[in-house]
Amino acid sequence: MEGVLVRKIKKICVFCGANSGKDVAFVNAAFHLGEVLGKRKIDLVYGGGKLGLMGCVSTAVAQHERQVLGIIPSAFTINNLVGETCGKEIKVATMQERLVMMMELSDAFIALPGGFGTLEKLFQMISWAQLNIHNKPIGVLNINGFFNGLLSFVDHAVKQEFITPRARKILISATTADELVDKLQAFQFEPDPALSKLKWSPSSSQKEKLDLTLRL
């Protein structure tokens with residue numbers, strides 16, 4: 001990465017399935033990602049509990065003596081639904097509060113294979129980056145081509161002019177954990193000149209009016 005400005009990443013939020021998936025490669029990759037984060041002295045933020053790939057990555061990070069923070073809705077803790085969080089746990093009231101806290105406490109985001117919840121969080125973070133709510137890097141770990149279809153769809157949306165080429169750069173992908181973390185560290189945020197005019201501070205009563213059609 002010589003000649004590239006390296007972003008300082010201390011905490012990465014990982015979105016992934018509460019199931020382990022059909023392919024054992026998903027489990028192995030989740031453990032390996034946790035090992036890579038641990039060796040690079042990067043702490044973990046995740047959705048809490050110990051189920052599926054979430055449990056794999058959090059266990060591996062903890063085994064390398066890095067901090068693990070689970071942010072979990074209180075509803076999930078009833079009757080020990082998702083198991084014990086590996087590390088510190090913060091309980092929140094709603095799913096939206098959970099996601100906002102994940103954004104605020106993390107320096108970057110990685111999605112592993114998962115279902116609707118994983119995809120929701122991934123695209124919410126991408127949308128918020130596009131809207132200049134945050135400028136943190138976002139990537140998918142494309143294990144055994146799991147995200148090939150999704151990446152093809154996003155590229156199709158670019159061709160159909162629903163996603164701009166600038167916004168497409170927000171979503172990073174790699175096939176190995178080390179490569180993905182390297183890409184996250186090298187990421188340079190390129191805000192849309194028009195969307196960068198939006199004001200999201202609590203004191204703002206209104207967003208600035210834009211003189212163009214936003215393709216969100």
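A cavity here is a set of grid points where a 1.4 Å probe fits but cannot get out. By this rule, the predicted model has 1 cavity of 30 Å³ or more.

**Largest cavity**
- The largest cavity holds about 40 Å³ of space.
- Its lining consists of Met95, Gln96, Arg98, Leu99, Glu120 and Lys121.
- By class, the lining of the largest cavity has 3 charged, 2 nonpolar and 1 polar residues.

**Largest pocket**
- The volume of the largest pocket is about 390 Å³.
- The pocket has 29 lining residues, and Cys16, Gly17, Ala18, Met54 and Thr118 are the closest to its centre.
- Two or more lining residues come from each of S1, H2, helix H3 (95-105) and helix H4 (116-130).
- The lining of the largest pocket counts 15 nonpolar, 11 polar and 3 charged residues.

**Helix H1**
- H1 runs over residues 24-39, 16 residues in total.
- At 1.5 Å a residue, H1 should span 22 Å, and its end C-alpha atoms are 23 Å apart, which agrees.
- Asp23 caps the N-terminal end of H1, with a side-chain oxygen 2.9 Å from the backbone nitrogen of Ala25.
- Just after H1, Lys41 has a positive phi of about 60 degrees.
- Buried residues of H1 include Phe26, Val27, Leu33, Val36 and Leu37.
- The cover over the buried residues of H1 includes strands S1 (11-15), S2 (43-46) and S5 (108-111), along with helices H2 (52-63) and H7 (177-186).

Conventions
Residues are numbered from 1 along each chain as its sequence is written. This is a predicted model: local features need pLDDT of at least 70, side-chain atom pairs count only at pLDDT 80 or more; totals for chains, interfaces and linings use all residues. Side-chain values use heavy atoms; hydrogens and water are left out. Helices (H or I, at least four residues) and strands (E, at least two) are DSSP runs, numbered from the N terminus. The expected span of a helix is 1.5 Å times one less than its number of residues. Buried means under 20% relative accessible area, exposed over 50%, partly exposed in between (1.4 Å probe, protein chains only). Contact means heavy atoms within 4.5 Å. A polar contact is a pair of N or O atoms within 3.5 Å; within protein, one must be able to donate a hydrogen and the other to accept it, and residues adjacent in sequence count only if both atoms are side-chain atoms. On a 1 Å grid over the protein atoms alone, a cavity is a set of points where a 1.4 Å probe fits but cannot get out, and a pocket is an open set with protein on both sides within 12 Å along at least five of seven lines; lining residues have an atom within 4 Å of a point. Grid points are joined across faces, edges and corners, and a volume is the space filled by probe spheres set on the points. Ala, Val, Leu, Ile, Met, Phe, Trp, Tyr, Cys and Pro count as nonpolar, Asp, Glu, Lys and Arg as charged, and the others, Gly among them, as polar.
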